[in-house]
Amino acid sequence: MARITASVYTSHVPAIGAALDLGKTGEPYWQKVFAGYEFSKQWLKEHRPDVVFLVYNDHATAFSLEIIPTFAIGTAAEYAVADEGWGPRPVPKVVGHPELASHIAQSVIQDDFDLTIVNKMDVDHGLTVPLSLMCGKLDPVKDAWPFKVIPFAVNVVQYPVPSGRRCFALGQAIRKAVESYDEDLNVQIWGTGGMSHQLQGARAGLINKEWDNRFLDRLIDDPAGLAQVPHIEYVREAGSEGIELVMWLIARGAMADVAGGPKPKVAHRFYHVPASNTAVGHLILEN
């Protein structure tokens, strides 16, 4: 059967993608950010999955304010890289896994989670920046991502957004779905977005190092308790865009210990401020 072998958590700051695309990774401002992912790139080569189930939020590219699904699963064979106003990022197209994606949709919907099934969409920096951070710079024509990707978009842009409790429970349903798929597949689940940041208003530029690191501590050791944190705490302590961190709870809910298995191994942990006007967090947990 298929199995989830690890979860990866990372910020998906658009400026990180721009720095990589423009060859600025060695500049003093960006050096420390990218240094935090050197271990991760090597780790991924040694723990290469067949499929990555990638949880992210769309930034008004696949979905506008006219239609906003709470949870949307991509079931297409491939996904073009979105033009977010300055042309698509120069990265390879994203190849999907329609069979596993459809199976997960069937299982999770029967488990009483309402998903929107998306057969065609472009994917933006929320999905491509994590791929670049973990895989390194690739040629958009000559290269390909080293695994298939199932995009899973979560609405954390327009209120009301899903609770951490709901996201954590959804992760558990996704793990059950993957483990019921009758093919020997190595699957990783990635949760992206955050950490603390606010892009507008009187508190624009807010970063809360202490709260972010407590979040990482609890994500490792007390995910069920962390899932009970209300929206207002994310907004108050981590800024208006800090709510993106509920997406990390989907990935954490899919780990074996939540279903009574052994506690995951912390393979890597990294935190840095700032990158653009965002705190960057990164974590790798192995089942």
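Reply: In helix α1, the buried residues are I16, G17, A19, L20 and D21, where buried means under 20% relative accessible area, exposed means over 50% and partly exposed is in between, all with a 1.4 Å probe and protein chains only. This is a predicted model, in which local features need pLDDT of at least 70 and side-chain atom pairs count only at pLDDT 80 or more, whereas totals for chains, interfaces and linings use all residues. Residues are numbered from 1 along each chain as its sequence is written, and side-chain values use heavy atoms, with hydrogens and water left out. Helices (H or I, at least four residues) and strands (E, at least two) are DSSP runs numbered from the N terminus.

The cover over the buried residues of α1 includes α2, α5 (125–135), β9 (265–275) and β10 (278–286), with contact meaning heavy atoms within 4.5 Å. On the α1 side the contact involves A15, I16, A19 and L20, which meet W30, V33 and F34 of α2. By class, this contact of α1 with α2 has seven nonpolar residues, no polar and no charged ones, where Ala, Val, Leu, Ile, Met, Phe, Trp, Tyr, Cys and Pro count as nonpolar, Asp, Glu, Lys and Arg as charged, and the others, Gly among them, as polar. Just after α1, G23 takes a positive phi of about 70 degrees.

The axes of α3 and α5 come within 7 Å and cross at roughly 85 degrees, so α3 is roughly perpendicular to α5. S40, K41, W43 and L44 of α3 make this contact with L133, M134 and C135 of α5, and by class the contact has five nonpolar, one polar and one charged residues. E38 is in α3 (residues 38–46) and, at 45% relative accessibility, counts as partly exposed; its C-alpha atom is separated by 33 Å from that of F63, 25 residues apart along the chain. K45 is also in α3 and is exposed, with a relative accessible area of 57%, while the C-alpha atoms of K45 and P146, 101 residues apart along the chain, are separated by 9.0 Å.

Most residues other than glycine have a negative phi, and most peptide bonds are trans. P274 lies in strand β9, and the peptide bond from V273 to P274 is cis, with omega near -15 degrees. In the loop between β9 and β10 is S276, a residue other than glycine with a positive phi near 60 degrees; S276 is partly exposed, with a relative accessible area of 36%. Elsewhere, A60 has a positive phi of about 60 degrees although it is not a glycine. A60 lies in the loop between β2 (51–56) and β3 (71–74) and is exposed, with a relative accessible area of 60%. A cis peptide bond runs from G194 to M195, with omega near 5 degrees, and M195 is found in the loop between β8 (186–192) and α7 (209–221).

Within α7 itself is R214, which at 46% relative accessibility counts as partly exposed. R214 and A82 are 132 residues apart in sequence and 34 Å apart in space, C-alpha to C-alpha.

How values were computed
Axes fitted to C-alpha atoms, helices over the stretch in contact; angles between N-to-C directions. Parallel < 35°, antiparallel > 145°, perpendicular 65-115°, else oblique.
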